[in-house]
Amino acid sequence: MNSAKSTVPFKGTPEQEAQLIAVIDEKKDDQGSLMPILQKAQEIYGYLPIEVQKIISDRTGIPLEKIYGVVTFYAQFSLYPKGEYTISVCLGTACYVKGSGDIYDKLQEKLGIAGGECTADGKFSLEACRCIGACGLAPVLTVNEDVYGRLTVDDVDKILAKYA
Amino acid sequence: MENITVKVNGCEISVPKGTTVLEAAHMAGIEIPTLCYMKEINEIGACRICVTEVNEGRGFRLVAACVYPCSNNMEILTSSPKVIESRKKTLELILSTHDRKCLSCVRSGNCELQKLCKDYGVEDASKYDGTRNEYEIDDTAAHMYRDNNKCILCRRCVAVCSKTQGIGVIGANERGFKTFIGSAFDMGLGETSCVSCGQCIAVCPVGAIAEKDFTKEVLAAIADPEKTVLVQTAPAVRAGLAECFGNPIGTNAEGKMAAALRRLGFDKVFDTDFAADLTIMEEANEFVERVSNGGTLPMITSCSPGWVKFCEHYYPDLLDHLSTCKSPQQMFGATAKTYYAQKMGLDPKNIVMVSIMPCTAKKFEIGRPDQSAAGVPDVDYALTTRELGRMIERAGILFNSLPDEKFDDPLGISTGAGVIFGATGGVMEAALRTAVHTLTGQTVTDLPEVRGTEGIKEATYKVGDLDVKVAVASGLSNARVILDKIRSGECDAQFIEIMACPGGCVNGGGQPQVPMGIRNFVDIRAERAKVLYDLDKSMPLRQSHENPAIKQVYEEFFEKPGSHKAHEVLHTSYVKRTVNEI
């Protein structure tokens, strides 16, 4: 079985944990408290790895699977941290017909991660986005604040090399 | 309760307010098909197979009958062309992502989806074929596998796991087309705190989850001339097995089961009921010792391996309360490979001990540590009632025309106290029969206070000068209620029986699957339990200590209950486990 545990080492601090526990204790007896707890937890840690979900499960008594089910249901939650560089590939209509899907696939292959995940060294995270309003440059991707347009699959290596 | 009037297919009937369309139709003699619906456990209206036309004065429209309440003067059409067409389309859409390997599927012939497709005349199973998710089979657990390629996402398994059993190690992950049933972080089931109860298998409508099948290995052992293959059958198996051969729920299969096992080629056909009597001797003795020596109380029974694993994961702080007695299955295997082997001059290594169990956790239990009294595993293969049904079918044995036969001596001799182990409260009743006799010399045989399918039962018995307070729980969410009371110090019972499955072993995860359309309206726990209580009533000996084979085994081997030898062979130890291990 492929586990969805993040390969990026968990770097939570005692301060973050104390913050999370305070949030849980404040909310846990309310009906429907799981969503707000998860939202706060993601604010605190930036993502919701197993270590964080386990704290929530142990403290609320909600089974870990139920929490995981909610986290994977909603797009607002992430199991993986953001990398030093976030690569965001536009899969909006214009970019997609111009082949951004292939670029996205190539990046997944090169980085060895699926969309939404982060490389084990914490360097790159990859995500898909919808139109960023630069259709004239399609297909487009961004690396943090840098924008790259009129791309082909062959450009992927060069772009990655710039940040290596 | 206020009654209202509804018309089901033109026939007027009166139903209590709050009745669902599904229930009203049932009262009118119509079965509306269901896939996701389980009364009081999974009322989510998700699968849409139960859609039915209703008119509440604004014209007919389709509603989900399982969760839609009747209103006064409602007209209900359960099989109009529109209804039939909608259900058929739903089936075709379910099939579009279903791995249709019906010919090689363990559920072929008793698959609820297959039956519906036949009933609704689905002609083209591939009508809406398109993209399909492919899933790896999860075979990480000792007792079962999950093949999500066949899952129809009805969520019955999820509901029993979290609601009935209070565990929740499986659930729906991801969303939309990508939704699948699995565990947290896509761990294999064997890596989670699953207790192996198999209630999920018992309710699965299709072949997405099933027990691991060991019938081939058992047949190979039978064919091996070097091996002496012994079989033991748990009490509840005789109350369920006949269902595999088209008999009504609540048919006693004891005699035919013994005959079938003999025809399958087992060298000796023995009865776990013998070991149930043995368990009572050991457990009653342990209880008396704990009471007189200030041991940990309340003492809790340890017959149900699903319950034992649950305690280890979720209440490890209460493990001292568990009786150290092995379960009857393990006591049987241990006795067979020590006492019986010695008596018959057999090398325990050449004995293959097969058990037939209503249970899937028994498959996990045989691999536990500290369960090998003779230096080899006490039990080699634990088959479910369903697996035995398949073996009999495969061998061409005409089960229903078999004569009633008896178990072999000496490990086939038992009492009525042993046979009621298969129903919730049965172990408690059996133990009390012997305890009362030990302490007062009196004979009691019927203790109705601990019988019945209620999830939690409590009673106080006057035994001599003692007031013995007992509690009985079945279904692990009910067990939680009692365990939480022990933790908080509010529990004043001295002796507690806990069974993992609701209703006890008769409703175990290894019993024949009963379509939900029947389960929602018939209490299979009560029907099957009746078989055991009737058997008990019909037996000449109804107290474990009266069993002549038990007397003999103590005289010849164990000396007395709780002896050093008994501890070596018949008792075990437990391990602390955790929840959410990472």
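How many residues does the contact take from chain A and from chain B? The views below come from a predicted model.

**View 1. The contact between chain A and chain B.** The contact draws on 17 residues of chain A and 20 residues of chain B. On the side of chain A that touches chain B, helix 3 (50-60) and helix 4 (64-73) each supply at least two residues. Helix 4 of chain A gives the most to this side, with seven residues. By residue class, the side of chain A that touches chain B divides into seven nonpolar, five polar and five charged residues.

**View 2. The fold of chain B.** Chain B contains 19 helices and 17 strands. The C-alpha trace of chain B spans about 80 × 55 × 55 Å along its principal axes. A compact globule of 582 residues would have a radius of gyration near 25 Å, and chain B agrees with this, having 25 Å.

**View 3. The interior and contacts of chain B.** Of the 582 residues of chain B, 53% count as buried. Among the contacts in chain B with a separation of 6 or more, 74% are accounted for by residues 24 or more positions apart.

**View 4. The surroundings of A:D157 in chain A.** A:D157 lies in helix 7 (residues 155-163) of chain A. Is A:D157 buried or exposed? A:D157 counts as exposed because it has 10 C-beta neighbours inside 10 Å, and a residue is exposed if the count is 12 or fewer. A:K110 is 47 residues from A:D157 along the chain, and the C-alpha atoms of these two residues are separated by 8.2 Å.

Terms used: Residues are numbered from 1 along each chain as its sequence is written. Chains are lettered from A and ligands numbered from 1 in the order in which they are written. This is a predicted model: local features need pLDDT of at least 70, side-chain atom pairs count only at pLDDT 80 or more; totals for chains, interfaces and linings use all residues. Two residues are in contact if their C-beta atoms, placed from the backbone, lie within 7 Å. Helices (H or I, at least four residues) and strands (E, at least two) are DSSP runs, numbered from the N terminus. Ala, Val, Leu, Ile, Met, Phe, Trp, Tyr, Cys and Pro count as nonpolar, Asp, Glu, Lys and Arg as charged, and the others, Gly among them, as polar. The radius of gyration is taken over C-alpha atoms; the globule rule is 2.2 Å times the number of residues to the power 0.38. A residue is buried if 20 or more other C-beta atoms lie within 10 Å of its own, exposed if 12 or fewer, and partly exposed in between; C-beta atoms are placed from the backbone.
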